[in-house]
Amino acid sequence: MNGHSSTATNGATPTSGPEALKVVIVGAGIGGLFAAIALRAAGHHVSIYESSRFALETGAAVHLQPNVVGLLYKYGIRPEEFGAVTCESITERLPSGGVKFSADVKGVGKAYPYPWQLVHRIDLHNALKNKATDERGEGKPVEIHLKSRVASVDVEESTIVLHDGRRIKGDLVLGADGVHSIVRTVVLGREAIAQPSGVSAFRFLIPISEIKADPATTHFVQATGDLVMISGNERRLVMYPCRSNTELNFVALHPDNESEVTSEDWNEAGSKPTLLKVFGDYSDDVKALLEKVNPETLKLWKLLDLEALDRWTVGNVALLGDAAHPFLPHQGQGAAQAIEDGAAMAALFSLGTSPSEVPDMLKLYVESRYERATLIQSYTRDSGIKVKGSKHGREGAMDPLRFSQYNFDHDSYNHAAGVLKKYRIKNSTYQRMPLSFGPTASPRQTLSGHKRKMDMEATHQTTFMTFKTKKSYLQNFLPEGLKIEAPGGWATATYSATKLDKVQWLGGRGYTHFGLYIHNVVKVTNQTGEEKASPGDFLAVLFENMCDPIITGREELDFPKVFATLETSHLGRFYSLTAGWEGTSFCQMTLSDLVLETDASAPPPRPGVWVNSSTQITDGMNLALVNGPKSKSWKAGGATIEFSDLVGEGFDVAFPTMGNIIEGLRGIEISQVVASGIRAS
C-alpha cells in the first residue's frame, strides 16, 4: 500500500525470554518449602532463610486431605512413597469403652480425584526439602540458609534484615515464619499475638507392633487406616496410623490448666503421669494404650489461636501459612492450607511477572485465599473441644466429615489461576472471544493482556500500484462522515499487497494481505462539509490468507478484513499476485519491468488509515518504518490488475460470500497508473 505497512501493528517485541523474580521466603516449614517448590517450578529464583538448624522433632503426623494431595501430586510429591497411609475409616469410641459409630471413608478416593492420606510430619518435611533442593527438578534449585534469623523487614526496599546485619533484597518477600511471625508484625504495622485457646495437646507416637502384641489394646489397630476419636468431658483423644502403618500417632486434647505448659514451644516435653491423670476416667483399654507412651518422646503443645487478620500483604511482602492464619488441629487442615497458599502463589506469579506487578498479584493472592482460609479457621474452632473459659469448641463428639465437602472439593492452584484469568481479561488491552481461556494473543497484546510493543524482527515485502480514477465512484465506498478531498473529479487510490514473515506473535510464521486504500480522505465535522480534520487514507477492504490476523484486526481495530487465498511470485523483473476463494481466482495484479533502485528515498509518512468514520489507525501503518539501511526498493515499468469476468449464477456460486466486494472492486475504472513498485525490508 503506497507508503504504508502494517508491520508494527501485526508484530511482537523481540525479547531474550521472560525474567525470573527473586523470591525471598522467611521460614522453611511445610508452607515455606512448598511455596518454594511451586515458585521454583514456575521459573523463579527462590531462597529461604530459616532460623533453626532443622533439628528433628519427634512425634507428629498430619492429615493430607484430597484438596492438598492433588497439589503435592502436581509437583511430583507422592506421600505414599514416603509412608503415607490412606484413611479408610473413621471410628468414634466412647470414653467408657466400646464403639459409638464407624464410617467407611474409602469412597473419598472415588468421590474426589485424590485420596485422604495420613503422614508423619517429618517425612513430609524431608520430602519437601529434598524436592526443593533437588538438582534434577524444574528450574533453579532452592537455596536454604539455616541459622538465619530475621530481625526485621524493610517493606520499601523489599528487603529482609538478619540478626547479623545482612540485608537480602527480593522482588517478592514471603513470611512463612509461623504463628510467632516477625514478618506479620511488619505487614500489619502492629503486633498480633496469638492467644491461648484454653486447650493443650499431648503429642506422641506408639509402635503399632507393641499395640498389636497386647491383647488389651490390639483391637485399636485391627483396621488399616482407621482414624479413631474418643471424646469425653472437656477432652478428646485422636489417633491414626502413619509411616506405612507401623506407628500410631496420638493427639490428646485437654484443658490447658490440667497440664504443666511452661512455654508456647510446640516441642515442649510432656509428663506421662499428667497424661495418664488427664485421661484417668477413660476405659481400661485406653489407659493400657497410654501406658505404652515413651516418656522421652512425649510432647506437650499449648494450642494458640489468632483472629482473622485485616490484611496479609503490604507492598511486595506477603504472609502465608500460620503467619497469616494459624490453625488449631481439630480439622487437620493446617498444613493443607499452608500448601494451598503456596500453590496459589505459583499460579499467580507466572514466569514473566515483573517486580512492578507484584503488589497487584498479591492482591489477587488475598482475593483467592483469604475467604477460604479464614472460613476453614472458623470451622476448625467450631470443631474443637469445649472447655470452660474458652469461646471455641462444641459439646460432645466431633463429626470429622461435617465440613468435608467444602474442605476437600477445592484446587487452590486452579482457583487462583481462574482469579488471575478474570483479572487479565478485565485489564487486558482488548477483550476478545473466547474469554473462557483469558486474554487472546494478537499483534497488539500478549497472552497476559499487556500491550505488545513493535516487532522489529518481522520482515515484509509490500507491492503497490497507485492509480487515478473517478472520485465519484470511490466516494461511494466511504461511510457517512468521510469524504475525498481532491480537486476536480479525480481521486487516487492504491492496491497494495504485503507479504509478512518472521512475525513474532505468530511464532515466527508469516502471512499475506492485499487491500484497497483510498487516498486524501478527510472527516467532515459539520453539516456544511466545510470544516475538515485528520486527513488520511481509507481502507475499503483487506484480504488476508490467515484467519488469526483477520479475527484480531476485525475485533480489535474494526478492520474490514476478509479471507482469501493469496499467492505471490517475484521472479526477476516480474511480480504477480493471485487472489481467490475456494479454488477460484477473482483477481490478478502484475508488475513488470521491475528495476532495483539504488538511491530510493523513504516515502513521505501518511497521517493514518481510516477504517470507518470514527476510527483512524495511525500506529505502524507506514512503509517508511522499514526503509532503513537494509531495505530495498524496486520501481515497476508497468502494472495491471484484472478481476474475474464471471457473471450470473456462475459468479454467485463461485463467490457466495464476497461477490459484492468483487463487484465493487472490478467497477473501479483505472484511468492512469501513477506509481508502482515493491518495497521490502
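Guide: Two strands count as paired if DSSP finds at least two bridges between them. Keep in mind that the model is predicted. With that rule, three strands form an open sheet in the order S3-S7-S4, and the pairing is antiparallel.

Visitor: What makes S3 and S4 edge strands?
Guide: Strand S3 (61-64) and strand S4 (85-86) each have a single partner strand, so one side of each has no neighbour in the sheet.

Visitor: How do you know that S4 and strand S7 are joined?
Guide: Pairing takes at least two bridges. Two bridges join S4 to S7 (residues 117-120), and the strands run antiparallel, so they pass the test. Thr86 stands opposite Gln117 in S7.

Visitor: Which helices lie across S3 and S7?
Guide: Helix H2 (residues 66-74) lies across them, at about 90 degrees to S3. Helix H4 (residues 121-133) lies across S3 and S7 too, at about 85 degrees to S7.

Visitor: What about the sheet of eight strands, what is its order?
Guide: That open sheet goes S6-S5-S14-S15-S16-S13-S18-S17, with mixed pairing. Strand S6 (99-104) and strand S17 (268-269) stand at its edges, because each has a single partner strand and one side left without a neighbour in the sheet.

Visitor: Why are S5 and S14 called a pair?
Guide: Strand S5 (residues 89-93) and strand S14 (residues 226-232) share five bridges in the parallel sense. The cut-off is at least two, so the pair qualifies. Ile90 stands opposite Leu227 in S14.

Technical notes:
Residues are numbered from 1 along each chain as its sequence is written. This is a predicted model: local features need pLDDT of at least 70, side-chain atom pairs count only at pLDDT 80 or more; totals for chains, interfaces and linings use all residues. Side-chain values use heavy atoms; hydrogens and water are left out. Helices (H or I, at least four residues) and strands (E, at least two) are DSSP runs, numbered from the N terminus. Contact means heavy atoms within 4.5 Å. Axes are lines fitted to C-alpha atoms, for helices over the stretch in contact, and angles run from 0 to 180 degrees between N-to-C directions.
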